[in-house]
Amino acid sequence: MKDLSRHPCFNAEAKQKYARVHLPVAPKCNIQCSYCNRRYDCCNESRPGVCSAVLSPLQAVHYLKALCEKMPAISVIGIAGPGDPFANPEETLATLKLAGQAFPGMLFCLSTNGLDLAPYVGEIAGAGVSHVTVTVNSLKPETLAKIYRWVRYNRRVYRGEEAGRVLLGQQLRCIGLLKEKGITVKINTVVCPGVNETEVEEIAAKVASLGADTMNCVPLYPVENTEFEHLEEPSKELMKQLKSRISAHIKPMTHCARCRADAAGLIGHDNTEMMNMIGQFSTLVVNRGEGRTRVAVASNEGLLVNLHLGEARKVYIFEQSRNGYHFVETRNTPPEGGGMERWRALATRTLIDCRAILVGGIGETPMRVLHENGVKVIQMSGLIDAGLDAVYLNQPIKTLCRSDYTRCGESCRGTGAGCG
């Protein structure tokens with residue numbers, strides 16, 4: 001069991017001893033806040049939405065390895081933007097999976113607006129995420145209409161009070177879903193004077209009733225070129241009063257530092273030298289197959305390679321061990337009908353730790369997407385062990401499909417003879 005007390009954002013006693021790092025792998029956002037202006041290369045600004053550069057999942061893991069060598073006090077790996085983690089689900093989940101394999105003893109956390117979180121609660125719990133922060137700024141659609149210019153949900157853009165209702169419904173729903181998985185939940189509320197400061201206690205009572213563990217009142221940071229740039233920052237006295245009021249309902253957080261999306265170090269004492277490393281790693285050319293130890297197989301029963309990739313509803317995952325090959329698990333493939341997104345999800349999520357996949361047949365598009373994402377495709381029929389020998393021992397396979405194969409249709413059933 002991981003020691004959850006090592007999280008400095010959720011435990012004030014840990015903030016002087018344990019450090020955290022935010023990985024900026026999620027640039028896109030699904031809402032537009034009236035107080036937010038996502039910017040890059042802003043070394044003198046310390047606030048959410050700001051970072052020096054965006055990393056790919058593989059770049060992020062290389063950065064982590066270098067960072068942890070120089071900063072061994074890091075206990076928490078978080079993703080907090082600069083957009084929203086679940087407006088970038090592929091990048092977020094891939095980063096969690098790779099970082100979890102490289103740093104199994106770390107705590108993992110996410111900070112989100114909650115709009116698109118619900119479909120991924122099970123996956124993040126399975127990836128070892130122990131703490132999630134959800135930003136809830138009001139329970140009233142009319143107030144939320146002032147705070148958010150628009151909300152994009154299920155490919156539709158909402159505005160005004162309708163946007164507020166959609167966002168709030170998803171946020172409150174997710175709190176319950178997270179608690180069902182045993183995840184610690186923190187609520188962030190951005191206090192905007194003249195907009196929502198009279199509603200903060202009401203928010204505290206509601207989220208506490210849903211099981212939230214703690215609440216953080218974040219003072220508005222007026223940002224240039226936003227709709228709220230002319231609002232005044234809340235006074236220290238107002239913030240003190242609000243924290244006192246919410247304490248009747250929920251445990252308040254008292255040591256927030258309004259962290260950047262690429263923060264690294266102790267809370268309130270970020271190590272700027274270490275953060276500057278992000279720029280170096282954002283230009284790092286990474287071998288996408290590097291460090292991957294597993295192989296996926298399209299198979300009916302787990303003994304033979306005998307399925308066309310398009311027909312495979314699941315894949316079998318194997319890895320090499322001292323005593324031969326070890327079956328790890330089965331994984332569901334993305335559902336049909338997603339077009340190019342289906343194959344991207346397969347490559348960047350389902351097979352993120354796989355160096356190769358053994359298939360009875362494959363189309364031109366998935367072949368290209370898998371190759372672009374570092375997954376070697378081997379077309380064959382026969383025993384899985386023979387294919388694994390080809391991957392791990394570079395042994396030839398006599399039952400390979402034709403190398404010029406490009407087209408598969410209804411008639412292809414993975415016989416190993418290719419398609420004409």
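Which residues make a nonpolar surface patch of about 300 Å²? The patch is made by L303, L304 and L383. This is a predicted model, in which local features need pLDDT of at least 70 and side-chain atom pairs count only at pLDDT 80 or more, while totals for chains, interfaces and linings use all residues. Residues are numbered from 1 along each chain as its sequence is written, and side-chain values use heavy atoms, with hydrogens and water left out.

**Overall composition**

- The chain has 12 helices and 21 strands; these are DSSP runs numbered from the N terminus, with helices (H or I) of at least four residues and strands (E) of at least two.
- Of the 420 residues in the chain, 54% are buried, where buried means under 20% relative accessible area, exposed over 50%, and partly exposed in between (1.4 Å probe, protein chains only).
- Among contacts (heavy atoms within 4.5 Å) with a separation of 6 or more, 69% involve residues 24 or more positions apart.
- The accessible surface of the chain comes to about 19000 Å², and 48% of that area belongs to carbon and sulfur atoms; accessible areas come from the Shrake-Rupley method with a 1.4 Å probe, and for residues only the protein chains shown count as cover.

**The open sheet β2-β8-β9**

- Three strands form this open sheet in the order β2-β8-β9, with antiparallel pairing; two strands pair if DSSP finds at least two bridges between them.
- The edge strands, each pairing on one side only, are β2 (31-33) and β9 (156-158).
- From one strand to the next, the twist averages 20°; axes are lines fitted to C-alpha atoms, for helices over the stretch in contact, and angles run from 0 to 180 degrees between N-to-C directions.
- Helix α5 (residues 160-180) packs on the sheet and touches β8 and β9, its direction making about 60° with that of β8.
- Three bridges link β2 to β8 (residues 148-153) in the antiparallel sense, and Q32 has W150 in β8 as its bridge partner.

**Strand β1 and its partner**

- Strand β1 (residues 19-22) is covered on both faces, with A19 and V21 buried on one side and R20 and H22 buried on the other.
- β1 runs parallel to strand β5 (residues 74-79), and four bridges join them.
- Within β5, G78 is the bridge partner of H22.

**The nonpolar patch**

- Patches are made of residues with over 30% relative accessible area and no salt bridge, like charges being joined within 9 Å and nonpolar side chains (Val, Leu, Ile, Met, Phe, Trp, Tyr) within 5 Å.
- A salt bridge is a side-chain nitrogen of Lys or Arg within 4 Å of a carboxyl oxygen of Asp or Glu.
- L383 lies in strand β21 (residues 382-383) and is exposed, with a relative accessible area of 55%.
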